[in-house]
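Welcome! Please open the model in your viewer and get ready to select a few side chains.

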Amino acid sequence: FDKTAVFMSSGLFAMIAGIACTKALASRFDKRKLMIALTLLNAFSVALFFVIPPEQYGLMLLVNAIGTFIVGPTPALVWAMYADTADYGEWKSGRRTTALVFSALQFAQKMGLAVGAGLLGFILSFFGFIANQEQSEFSITGIRLMFSVLPAILAVSGAVAIYFYPLTDVKVREIEVALKKRHGSEEEAKAIPA
């Protein structure tokens, strides 16, 4: 059987299960704290691949399933946090900049993908990777680092960045209440005949 297909498919199903848990997790935990916890757990699961022996395919499947299950809720949480920043911007400045927030996000994602793809080639070259040839031990170690330790380091740095994100669920609720009052006052003002 195709081990790669099983590995990818089991990870996909585990991620879908994780996505299904998003609402339950988000209603129970603060989004910011939940994102930090999920990101650190994901970093740990990814880093484990560096120490799993190549012949331990079953263990790889298990760690991959757990890791992708953990990752499942994060996209929805991240997008919700972006929406919260748009509310925060309106609350602070009085101007709604939702389109600017989300277009900046998409630009950052595309730039990250481009930079990541470029770095991939540089890192492979640094470790002496030569296409279509048997790889040296150094090259294999580099490839293993690229798929385990390096992504884990980036995930931990992401968790550190989220730690400084100031919008807790309590603060977001305060902002939403303030904006509703502000919008209510604006609607009332518009309803008064000139």
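Keep in mind that the model is predicted.

**Stop 1: the aromatic pairs.** Begin by selecting F7 and F49. Their ring centres are 6.2 Å apart with the planes at 70 degrees, so this pair is edge-to-face; the cut-off for that label is over 60 degrees. Now colour the helices: F7 belongs to helix α1 (residues 3-20), while F49 is in the loop between α3 (31-48) and α4 (57-71), so the pair ties together parts that are 42 residues apart in sequence. Show the surface here, and you will find F49 partly exposed, at a relative accessible area of 22%.

**Stop 2: a tilted pair.** Next, select F127 and F138. Here the centres lie 5.0 Å apart and the planes meet at 50 degrees, so the pair is tilted. F127 sits in the loop between α6 (98-126) and α7 (137-146), and F138 is in helix α7, so parts eleven residues apart in sequence are tied together.

**Stop 3: a cluster.** Select W79, Y82 and F102 together: ring pairs link them into a cluster.

**Stop 4: charges over rings.** Finish with R144 and F50, where R144 lies over the face of F50, 4.5 Å from the ring centre.

Methods. Residues are numbered from 1 along each chain as its sequence is written. This is a predicted model: local features need pLDDT of at least 70, side-chain atom pairs count only at pLDDT 80 or more; totals for chains, interfaces and linings use all residues. Side-chain values use heavy atoms; hydrogens and water are left out. Rings of Phe, Tyr and Trp (its six-membered ring) pair if their centres lie within 6.5 Å; planes under 30 degrees apart count as stacked, over 60 as edge-to-face and the rest as tilted. Helices (H or I, at least four residues) and strands (E, at least two) are DSSP runs, numbered from the N terminus. Buried means under 20% relative accessible area, exposed over 50%, partly exposed in between (1.4 Å probe, protein chains only). A charge sits over a ring if NZ of Lys or CZ of Arg is within 6 Å of the ring centre and within 35 degrees of the ring normal.
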